[in-house]
Amino acid sequence: MSELKDSDFEKISKLVYELCGINLHEGKKELVKARLGKRLREGNYESFKDYFNYVTTNEGKDELITMIDSISTNLTSFYREESHFARLKSIISSMLEKAGSRDFVPRFNVWSAGCSTGEEPYTIAITIKEASKIKQLDARILATDISTRVLQVAKTGIYPEDRIKKIDSSILGKYFQIGTGHSKGYFRVKKDIKDMITFERLNLMSQFSADYNFDVIFCRNVMIYFDKYTQARLVNKYYNSLKKDGYFFVGHSESLTGLTHSFKYIEPSVYQK
């Protein structure tokens, strides 16, 4: 494998930070070497310097996206941090209660930012379905990630058996198709759940759409990859993308402590506008 010189690592780190806010400190050098080393071998680049020079050209734009895909860490699961989904259920119940006997229920918009391979937005969709059995809620979920690779997986909605172990059998039977024959051991999310979700590639460092007006935003275990300056910028962008009284969820290992923001603290990892 080619040597990753300090000068090349610094250039790559700076580029990644400028593009998507990910902070590749010195401790990430071996990770970068391992993940991009594979790209060097597959593309027959002679060195990390050659690779960097290529991805910073107009011709190398597609490879630049692949580079970001390779460096991004995507760890997720269904019902990860379950208390968040219990809270989501209570938010929905409260909304339906306020609607009373009216036939019209306002649209409920949720954003799963950093959705990875899709387990989070699908869990959100299932939670909404379960919470609105009596009165159907018009819910829409936007699921975004910077990685095209994980979005491709998410869009299929197909998962091997080891990925759905945390899902209760009654939920599994209702919202998943169980594979048979050559698809045995795989589970596909049913169409009515998939139809609730729009998957899009989005760099969180880019400007958010003026149309963003969410009731709930999930951005869990994403900000740990950013420095404090980038976290503060991002949190305030999320604040502006929420409706009044909307909720913001971060990962259990994250908090907004030390950041300048206008959110109201509700409980660990849960905030409100």
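Select Glu267 to begin: at 25% relative accessibility this residue is partly exposed, a class that sits between buried (under 20% relative accessible area) and exposed (over 50%), with a 1.4 Å probe and protein chains only. The model is predicted, so local features need pLDDT of at least 70 and side-chain atom pairs pLDDT 80 or more, while totals for chains, interfaces and linings use all residues. Residues are numbered from 1 along each chain as its sequence is written, and side-chain values use heavy atoms, leaving out hydrogens and water.

Arg87 lies in helix α5 and Glu267 in strand β9, so the pair ties together parts 180 residues apart in sequence. Helices (H or I, at least four residues) and strands (E, at least two) are DSSP runs, numbered from the N terminus. Arg87 is partly exposed too, at 21%.

Next, pick Asp138 and Arg107, whose side chains meet in a salt bridge at 3.4 Å, N to O. Both residues are in loops: Asp138 between α6 and β2, and Arg107 between α5 and β1.

Then move to Lys174 and Glu130, joined by a salt bridge of 2.8 Å, N to O. Lys174 belongs to helix α8 and Glu130 to helix α6, so this pair links parts 44 residues apart in sequence.

Definitions and conventions: A salt bridge is a side-chain nitrogen of Lys or Arg within 4 Å of a carboxyl oxygen of Asp or Glu.
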